[in-house]
Amino acid sequence: MRMWRIDGDKPKPLTPAALPTENELHQFLKKDPSLLGVPLLIIGSEVVTPYGKRIDLLAIDADGNLHVLELKRDRTPREVVAQVLDYGSWVATLSRDDVIEIAEKFLGQPFESAYEEIFGSAPPDELNGELQLTVVASSLDASSERIVNYLRGFGVPINAVFFTYIEDENRRYLARSWLAASVDTPSAKTKSTSKRAPWNGVDWYVSFGGDRPWEDAKRFGFVSAGGGKFYSRTIRSLPVGARIWVNVPGTGFVGVGKVLAPAQRFEDARVRIGDELVALASQPLTGKYKHHSAVADDDAEWVVPVEWIKTVPEADAYWQKGMFASQHSACKLRQEFTLERLAQHFGVDESE
């Protein structure tokens, strides 16, 4: 590898220096996995497997997929490739709970919080759906390249990356080269049934925002969404009896309640005020809940009547880093991190 730095009109060649040690690479990647060119969160170092071996580094990406990073060290090409494949066979079996347990033991903080710090959002509902295996080396021999390329040809999600130092006067740079031009390989998909957070069959997430004032919903007992299929389809899926946790996007959670009846179009919707069911459209609402040309059901505003268990003003909305949020108007709320904190904050018994 040869690199150049432009200094005025005279290009000066950068010369290769001594290769970094495998231990140095381990520490570099543990501290800053972005050296691989892919945003990653390291969730484990020297992770002990049930077979007594230790995975050098275990990481997760923004899609919730796991990455096994194995240093070549002094092993032969056959040994290191066999080792990373062995580790991959175990990592692929890890459930969502297993992943979170490994991560929190290493991170020393809630997994969800650490994930949001790196990726800017809560973890996806499914973790470890796909897998990437990477051999990390200070240099790579022809035999290793042949083995890795052969396995990739059969769809094995494996690649290799090697690093070298480049010197420029008194400065030293770490240069990276991937064996394959792209790190996007056909990944090993595993059954998702064990990778999803379990759902308790009761709790739902609801997003209430746009031009809809929370004070309307709090005062008259409803949530609503619409103006397009993406928004109306999910709000209409809320079942009677569901417990909903309402989030105002960009602000936080403002209430928890119980669905009283199926969703209805705004012009037909009735809500409970006291002991009576009254037409919502006849109430002194602040927001506008009608959409232009909303003839089709998909384009209409849909209203779900709610009996509130507890609500707070929008100014007192509750939010913690790592909590679940979604662009969907409504969806099942599976994330234990969010449920535990909401239940505690709003004084609701999770088991009820």
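The paragraphs below lead from the whole chain to its cores and then to individual elements and residues.

This is a predicted model, in which local features need pLDDT of at least 70, side-chain atom pairs count only at pLDDT 80 or more, and totals for chains, interfaces and linings use all residues. Residues are numbered from 1 along each chain as its sequence is written, and side-chain values use heavy atoms, with hydrogens and water left out.

The chain has eight helices and 17 strands; helices (H or I, at least four residues) and strands (E, at least two) are DSSP runs numbered from the N terminus. Of its 352 residues, 47% are buried, where buried means under 20% relative accessible area, exposed means over 50%, and partly exposed lies in between (1.4 Å probe, protein chains only). Among contacts (heavy atoms within 4.5 Å) between residues at least 6 apart in sequence, 69% join residues at least 24 apart.

A nonpolar core is a set of buried Ala, Val, Leu, Ile, Met, Phe, Trp, Tyr and Cys residues joined through side-chain atoms within 4.5 Å. The largest such core has 46 residues, and those with the most contacts inside it are Phe-222, Val-223, Ile-235, Leu-238, Ile-244, Trp-245 and Val-246. At least two residues of this core come from each of β9, α6, β10, β11, β12, β16, β17 and α8. Strand β16 gives the largest share, five residues. Leaving aside neighbours within four places in sequence, Leu-238 is in contact with Trp-204, Val-206, Val-223, Ile-244, Val-259, Val-304 and Ala-330. A second, separate core of 35 residues includes Leu-58, Val-80, Ala-92 and Leu-131.

Strand β11 also holds Asn-247. This residue counts as buried because its relative accessibility is 3%. Not counting residues up to four places away in sequence, Asn-247 touches Tyr-205, Val-206, Ser-207, Phe-208, Gly-252, Phe-253, Trp-319 and Ala-325. Its side chain makes a polar contact with the side chain of Tyr-205 at 3.0 Å; a polar contact is a pair of N or O atoms within 3.5 Å, where within protein one must be able to donate a hydrogen and the other to accept it, and residues adjacent in sequence count only if both atoms are side-chain atoms. The C-alpha atoms of Asn-247 and Ser-326 are 9.4 Å apart in space, although the two residues are 79 apart in sequence.

Strands β14 (residues 270–273) and β15 (residues 276–279) run antiparallel and are joined by four bridges; two strands pair if DSSP finds at least two bridges between them. Arg-272 has Leu-277 of β15 as its bridge partner. The two strands form a hairpin with two residues between them, and Gly-274 in the turn has a positive phi of about 70 degrees.

Most residues other than glycine have a negative phi. Asn-128, however, has a positive phi near 65 degrees, and its place is in the loop between α4 and β6. With 1% relative accessibility, Asn-128 counts as buried. Glu-46, in strand β3, likewise has a positive phi, of about 55 degrees. Glu-46 counts as partly exposed because its relative accessibility is 32%.
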